[in-house]
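Please keep the sequence and the model in view while reading.

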Amino acid sequence: MFWEKNKIWVGLIVGFVVPFVGLAVLELVLEQLDEFVFQQARNKLSESFKDRTLYLIAITFNVLPFRGYNKGKKILAMRGMVIATTAYAVAWMVLFAKEIL
């Protein structure tokens, strides 16, 4: 498959797609938990805190494919993933800088 290639563009694609998929899964799980268990506890958390945390966790999902590329010695794909992860981290800091500082 294409994600097994040792190319920077493969790492970029994987690095940009994995956090989107991770965020979607986190949102679905959180939505289901809200319906059943955590409705009262979740009301105490600000909406901003929820978004900040979910985005940060989604960014960290890039560790999973990065580790696979590391085991396979796919250095170029790892570089692409680092570029994508850094872009997401900078965007996260810019987006939430006012709330954090």
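## Terms and basis

Buried means under 20% relative accessible area, exposed over 50%, and partly exposed in between, with a 1.4 Å probe and protein chains only. This is a predicted model, in which local features need pLDDT of at least 70 and side-chain atom pairs count only at pLDDT 80 or more, while totals for chains, interfaces and linings use all residues. Residues are numbered from 1 along each chain as its sequence is written, and side-chain values use heavy atoms, with hydrogens and water left out.

## Aromatic pairs

Rings of Phe, Tyr and Trp (its six-membered ring) pair if their centres lie within 6.5 Å, and planes under 30 degrees apart count as stacked, over 60 as edge-to-face and the rest as tilted. By this rule there are four aromatic pairs. In one of them, phenylalanine 16 and tyrosine 88 have ring centres 5.3 Å apart and planes at 70°, so the arrangement is edge-to-face. This pair links distant parts of the chain, since phenylalanine 16 belongs to helix H1 (residues 8-36) and tyrosine 88 to helix H5, 72 residues apart; helices here are DSSP runs (H or I, at least four residues), numbered from the N terminus. Phenylalanine 16 is partly exposed at 33% relative accessible area, whereas tyrosine 88, at 18%, counts as buried. Ring pairs also join Phe16, Phe20 and Tyr88 into a cluster.

Tyrosine 55 and phenylalanine 96 form a tilted pair, 5.8 Å centre to centre with 40° between the planes. Because tyrosine 55 lies in helix H3 and phenylalanine 96 in helix H5, the pair ties together parts that are 41 residues apart in sequence. Tyrosine 55 is partly exposed at 29% relative accessibility, and phenylalanine 96 is buried at 6%.

## Packing of H4 against H5

The axes of helix H4 (residues 63-71) and helix H5 (residues 75-100) come within 9 Å and cross at roughly 155°, which makes H4 roughly antiparallel to H5 (a term for angles over 145 degrees). On the H4 side the contact (heavy atoms within 4.5 Å) is made by Pro65, Phe66, Tyr69 and Asn70, and on the H5 side by Ala77, Met78, Met81 and Val82.

## Asparagine 62

Asparagine 62 is found in the loop between helix H3 (47-60) and H4, and is buried, with a relative accessible area of 3%. Leaving aside neighbours within four places in sequence, asparagine 62 is in contact with Val14, Gly15, Val18, Pro19, Met81 and Thr85.

Conventions. Axes fitted to C-alpha atoms, helices over the stretch in contact; angles between N-to-C directions. Helix = DSSP H or I, 4+ residues; strand = E, 2+ residues; numbered from the N terminus. Parallel < 35°, antiparallel > 145°, perpendicular 65-115°, else oblique.
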